[in-house]
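I opened my notebook to look through this protein chain piece by piece. Here is what I looked up, in the order I looked.

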Amino acid sequence: MADRSVVLIVGANRGIGLGVVQSFLARGWDIVATARQPGAATALQALAGQNPGRVEILALDMGVPAEVDRFAASLAGRIFDAALINAGVAGPAHRTANAATPEEIGALMFVNAIAPTRLGRLLLNNLTSGSGVLAYTSSIMGSVALNAGGHELYRASKAALNSLSRGLYAEMRGRDLTLLTLHPGWVRTDMGGSGAPVGVDESARGMTAVIVAAAGSRRHAFLDFQGKELAW
Ligand SMILES: NC(=O)c1ccc[n+]([C@@H]2O[C@H](COP(=O)([O-])OP(=O)(O)OC[C@H]3O[C@@H](n4cnc5c(N)ncnc54)[C@H](OP(=O)(O)O)[C@@H]3O)[C@@H](O)[C@H]2O)c1
């Protein structure tokens, strides 16, 4: 993986993450992809087989704090042109604060907001100075300004991610990096459901284009997969 640009994609074995792997491969980038169960990540394994030497698959469960820390430490000295922290969960099926348990909220907030922040912070030294991009797959549902109600727990977890990413950006001053908080669209995945209007390929190609275009901007922006600026 020497001369090509390299992207780290966390949560890459299905859905949008897998689509983003394909999209970066099509642009000629090399990929470091994570999956909770790398041995069982068949679609990702197939892509690795079809692109010899270009897709490295590593294990990472974002729900386990020590694993997040160990994963970041294992990357010491490696440099990425971009990193997309994409793993996320919908949260409890009842979707309401009135039925929620502390354990459910802990798991949702940890995977969607705390672990991405923790990992992003630990990866800052792994990003190319100047053109490096750290990106999160957030959601328009994390916008407080655009909150029309419903899915309140998931919304809160993505709003927390947005807030934490702003705090991280403040720490990034002087590091010469770009931070993106992205909305992939409402996408036909296990999470988005079969009635969603946007396909994985369209979302992934858009996310990839937005990440590549933002390199060097040194901004913190909340953008959708078409590059449209969203209200926080
Ligand atoms: N689909 C939409 O309409 C939509 C809209 C806005 C934002 N998003 C966001 O987009 C991202 C991807 O969603 P998706 O639609 O592709 O969902 P998905 O098909 O359900 O895929 C979720 C991905 O996250 C991984 N993941 C979940 N929990 C994890 C954990 N504890 N550790 C590591 N990986 C974990 C999954 O791995 P496993 O296979 O191991 O579970 C899978 O790779 C999420 O952050 C989601 O919130 C989705």
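**Entry 1: around helix α6**

I began by asking what covers the buried residues of α6, and the list includes α1 (15-26), β4 (82-85), β5 (133-137), β6 (178-183) and β7 (220-224). I noted that this is a predicted model. The buried residues of α6 are Val-200, Ser-203, Ala-204, Gly-206, Met-207, Thr-208, Val-210, Ile-211 and Ala-214. A reminder to myself: an α-helix has 3.6 residues a turn, so residues three or four places apart point the same way.

I then checked the length of α6. The helix covers residues 200-214, which is 15 residues, and reaches 21 Å from its first C-alpha to its last, close to the 21 Å expected at 1.5 Å a residue. Just after α6, I found Gly-216 with a positive phi of about 90°.

**Entry 2: the whole chain**

Next I stepped back. How many helices and strands are there in the chain? I found 6 helices and 7 strands. Along the sequence they follow the pattern β-α-β-α-β-α-β-α-β-α-β-α-β. The radius of gyration is 16 Å, close to the 17 Å that the globule rule gives for 232 residues, so the chain is as compact as a globular protein of that length.

I also wrote down the box that the C-alpha atoms fill, which is roughly 50 × 40 × 35 Å along the principal axes. Of the 232 residues, 43% count as buried. Among contacts with a separation of 6 or more, 68% come from residues 24 or more positions apart.

I went to β1 next. Is this strand mostly covered or mostly open? It is mostly covered, as 5 of its 5 residues are buried. Val-6, Leu-8 and Val-10 point one way from β1, while Val-7 and Ile-9 point the other way.

Then I looked for the partners of β1. Strand β1 (residues 6-10) runs parallel to β2, and 4 bridges join them. Leu-8 stands opposite Val-32 in β2. From β1 the chain crosses through α1 to β2, and this β-α-β crossover is right-handed. I found another pair here too: Ile-9 stands opposite Ala-33 in β2. There are also 4 bridges from β1 to β4, and these two strands run parallel. The bridge partner of Val-7 in β4 is Ala-82.

**Entry 3: helix α1**

I counted 10 of its 12 residues as buried, so to speak "mostly covered". Among them are Gly-15, Ile-16, Leu-18 and Phe-24. Just after α1, Gly-28 takes a positive phi of about 90°.

Which residues is Val-21 in contact with, leaving aside its neighbours within four places in sequence? I listed Ile-9, Ala-12, Ile-31, Ala-33, Leu-44, Leu-47 and Val-55.

**Entry 4: strand β2 and onward**

Strand β2 (residues 30-35) has 6 of its 6 residues buried. Asp-30, Val-32 and Thr-34 point one way from β2, and Ile-31, Ala-33 and Ala-35 the other way. On to β3 (residues 55-59): 5 bridges join β2 to this strand, and the two run parallel. Val-32 has Glu-56 as its bridge partner in β3. I noted that β2, helix α2 (residues 42-50) and β3 make a right-handed β-α-β unit.

**Entry 5: the core and Leu-180**

Last, I looked up the largest nonpolar core, which has 64 residues. Those with the most contacts inside it are Val-7, Ile-9, Val-21, Ala-83, Leu-84, Ala-135 and Leu-180.

I followed Leu-180, which sits in strand β6. Why does Leu-180 count as buried? Leu-180 has 24 C-beta neighbours inside 10 Å, and the cut-off for buried is 20 or more. Leaving aside neighbours within four places in sequence, its contacts are Val-133, Ala-135, Tyr-136, Val-210, Ile-211, Ala-214, Ala-221 and Leu-223. Val-210, Ile-211 and Ala-214 were already in my first entry, among the buried residues of α6.

Conventions: Residues numbered from 1 in each chain as written. Predicted model: local features only at pLDDT ≥ 70, side-chain atom pairs only at ≥ 80, totals over all residues. Expected span 1.5 Å × (residues − 1). Contact = placed C-beta atoms within 7 Å. Core = buried A, V, L, I, M, F, W, Y, C linked by C-beta atoms within 7 Å. Pairing = 2+ DSSP bridges. Right-handed = clockwise from strand over helix to strand, strands pointing away. Rg over C-alpha atoms; globule rule 2.2 N^0.38 Å.
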